[in-house]
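The entries follow in the order I made them.

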Amino acid sequence: MKLSYKLALTLGLGVSAFVALLAFKSFSMDYFVERNKIEVQFKTIETAQKQLDYEILHNAFFLYTNQDTINSQIEIIRQDIQSLSKELATLHNHYDSEKKFQHYSDSFEKKVTAIYDFQTNNTVIKNTTAAIPVLQNRLFETINFSDPRDRAALNQIHQIGGSILLGKNALDYELIASLNPKINPFLNYRFHEPVIDELTQRLIAHYQIIGKMFPEYLVAMEEANNPQVAELLESTKQTYADESARELQSVTKFSYFLMALYTLSLGIITLFLFRSEKESRIDTLTRLQNRKSYEERVQHSLKDLGLILINIRKFKHYNDFYGVSEGDKLLIETARHIRTLPFSGKNPTYYRLGADDFGILFETSSTQSLETLAKEVLTAFSKNPIIIDGEIRTPSIVIAASTFKPLLETADMALKSNGSINPIIYHEGLNLRQVIEDNVTKVQEFKAALTEGRVIPYYQPIVDLSNRLVSKHEVLARVLMKDGEVRSIFPYLTIAKESNLYPDLTRTIISQSFAVIATHSGDFSINLSIEDISSIDTVKMIEQKLLEYENIGQRIIFEILESEAIKEYDAIIDFIALMRHYGCRIAIDDFGSGYSNFSRILNLTIDIIKIDGSLIRYLDSDDKAITIVQTIVNFTKSASIQTVAEFVHNQAIADIVSNLGIDAAQGFYFYEPAPEPVPIGHL
């Protein structure tokens, strides 16, 4: 697995662990909030129940209390129980707590029934207890004893009343029960004074009520204050705490796992980043150090450095001829040669600096000639041929060297200026900086022209050679300078591609030319590069224009360079299929300028072949050119493909291309490009 895939996988693992940690943090917060909420609810019920028990006792000992407080407290507890029951029902792994709490809820309802019974008995007992002192006071107010026997009886009755009140307040059942024998003798006793007799009979009746109801009163109060209900709540609370503790252990273990996973991910990511940082300085194909490593050494070196730049000349042609795989083998073998060649420069390091550019960076010395070192490298290549799959390959190696900063730029300038000199050493006399300045100026001119709408289409007529009448046009780009001069687009094409302005150029020409084509008759051919065809945005824009101008596609011919049609075969096939849908035709431009591949061109199902001007312009003086063009014409006629001759510049060439059987021609002999199309059929 590639390092980038491993890094992506590990990074994904780390992100997943981090997301899981965040999710776990959120879950933990919710978990602890919920747990604390339930514990608070347990505490609330516990406190409310203690308050209820207090109110019951308070109600039992004090005469003038409101029983509504007890009823209100019961409803509060019921609501709390109902709320907590719902909370427990939603929790996992708390089944024992839920079951115990339901048992507590049932026990509390039994307690409530006992409370209601107690309140009933308590009401009677309290009323009776309150009535006894009142009756006793009235007896003292009306007392008029003429009979000593009545006086003694009344004293005993008062004593019994005091004992009853004492027993009731002390909740002493035995004391209350022991008074019944003392009360019985007075059931039939009659006082001489009718008022006293009535009051004493009423008093004794209250004594009897207390004696009769006090056992039930005590039982009801005991059930109402049953400690087992509170103990059951405490037990449920403890069960919940135990279950929560076990659950917390699982949660804690999972958190440790996530932390370990996250830490492991960070460690692996760090390792991969370290390896990736190291790999980022190595070219993956040749295993030489890359441009980044080169720039770091140049930036941090305290010594004077020199650079020998090694280029495989026409590597693109080699790649096209042998294929990409063979091209890669050539690069690998070239890198191996560079790494192992005898080089006498001081502290050399070896780099792949571009697609087909290699470099040797070294510390300069007054005792070593730069030219000598460069020749040393070139000689090593000539003495040690490159062998691939047992076959000797002889790529053309070009070498440039420089000690002027910036090293790579100056060496590259020397390389690009090289004619027949090999190796070439950079020196100030090359005046290559002027070339760079000119390029910068051209970029600025072209960018301003695009922005200001001064990049415009021109139209060059194409003549039907059978009647020498205009049959179609080719759309060409022109740059209108601020002083009114009209320049060819050719000097700006490379600049446009290297400065990323080429897509804007194509879209500008297509947009303007379609508007003109819509108002003129005849067919029009438009040049497209592989950059255009590979650009999704450009292709979409072309489709939009084809839809905007109805049926215009039947009059559009897209010209594709032969070299690009062969190199980017699959992409061209897809584009052709798409354009066929709109009725467009396809032409191969500059045919014969490179390695013409008739079978591949035939498979593209094209409509027109435009024969390159490098063949056409010498037809009147080069028999070999005539032979090549005749071969192309024979091929196209057998395949029912039309032909167009480019760069027809005089009468002799026009006659030759006509005699060779070429269908149409264009060039300055017939018409120069103009800002407006010529009417179709024009002579």
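At what angle do the axes of helix α10 and helix α11 cross, and within what distance do they come? I kept in mind that this is a predicted model.

**Entry: α10 and α11**

I looked up α10, residues 315-322, and α11, residues 324-340. Their axes cross at roughly 135 degrees and come within 6 Å. Angles over 145 degrees would count as roughly antiparallel; α10 and α11 are therefore oblique to each other. Next I listed the residues that meet. From α10 I noted Phe 315, Tyr 318, Asn 319 and Tyr 322, and from α11 Val 324, Glu 326, Gly 327, Leu 330 and Leu 331. Sorted by class, the contact of α10 with α11 has six nonpolar residues, two polar and one charged.

**Entry: α4 and α7**

I then took helix α4, residues 148-170, and helix α7, residues 194-224. The axes of α4 and α7 come within 11 Å, and the crossing is at roughly 25 degrees. Angles under 35 degrees count as roughly parallel, so α4 is roughly parallel to α7. I noted the crossing of α4 and α7 as left-handed. On the α4 side the contact is made by Leu 154, Ile 157, Ile 160, Gly 161, Ile 164, Gly 167 and Lys 168. On the α7 side I wrote down Thr 200, Leu 203, Ile 204, Tyr 207, Ile 210, Phe 214 and Tyr 217. By class, 10 residues of the contact of α4 with α7 are nonpolar, three are polar and one is charged.

**Entry: the largest pocket**

Which residues lie closest to the centre of the largest pocket? I first noted its volume, about 1200 Å³. The largest pocket is lined by 36 residues, and the closest to its centre are Glu 474, Leu 476, Phe 490, Leu 493 and Asn 527. Elements that give two or more residues to this lining include β9 (469-480), α15 (490-498) and β11 (523-528). I counted the lining of the largest pocket by class as 17 nonpolar, eight polar and 11 charged residues.

**Entry: cavities**

How many cavities of 30 Å³ or more does a search of the whole structure find? I found two. I looked up the second largest cavity, with a volume of about 30 Å³. Its lining includes Lys 472, Ser 525, Glu 559 and Lys 610. At least two lining residues of the second largest cavity come from β12 (556-561), and at least two from β14 (608-611). I recorded the classes of this lining as five nonpolar, one polar and three charged residues.

Note on methods:
Residues numbered from 1 in each chain as written. Predicted model: local features only at pLDDT ≥ 70, side-chain atom pairs only at ≥ 80, totals over all residues. Heavy atoms only, no water. Axes fitted to C-alpha atoms, helices over the stretch in contact; angles between N-to-C directions. Helix = DSSP H or I, 4+ residues; strand = E, 2+ residues; numbered from the N terminus. Parallel < 35°, antiparallel > 145°, perpendicular 65-115°, else oblique. Left-handed = near helix turned anticlockwise from the far one by under 90°. Contact = heavy atoms within 4.5 Å. Nonpolar A, V, L, I, M, F, W, Y, C, P; charged D, E, K, R; others polar. 1 Å grid on protein atoms, 1.4 Å probe; cavity = no way out; pocket = protein on both sides within 12 Å on 5 of 7 lines; lining within 4 Å. Points joined across faces, edges and corners; volume = space filled by probe spheres on them.
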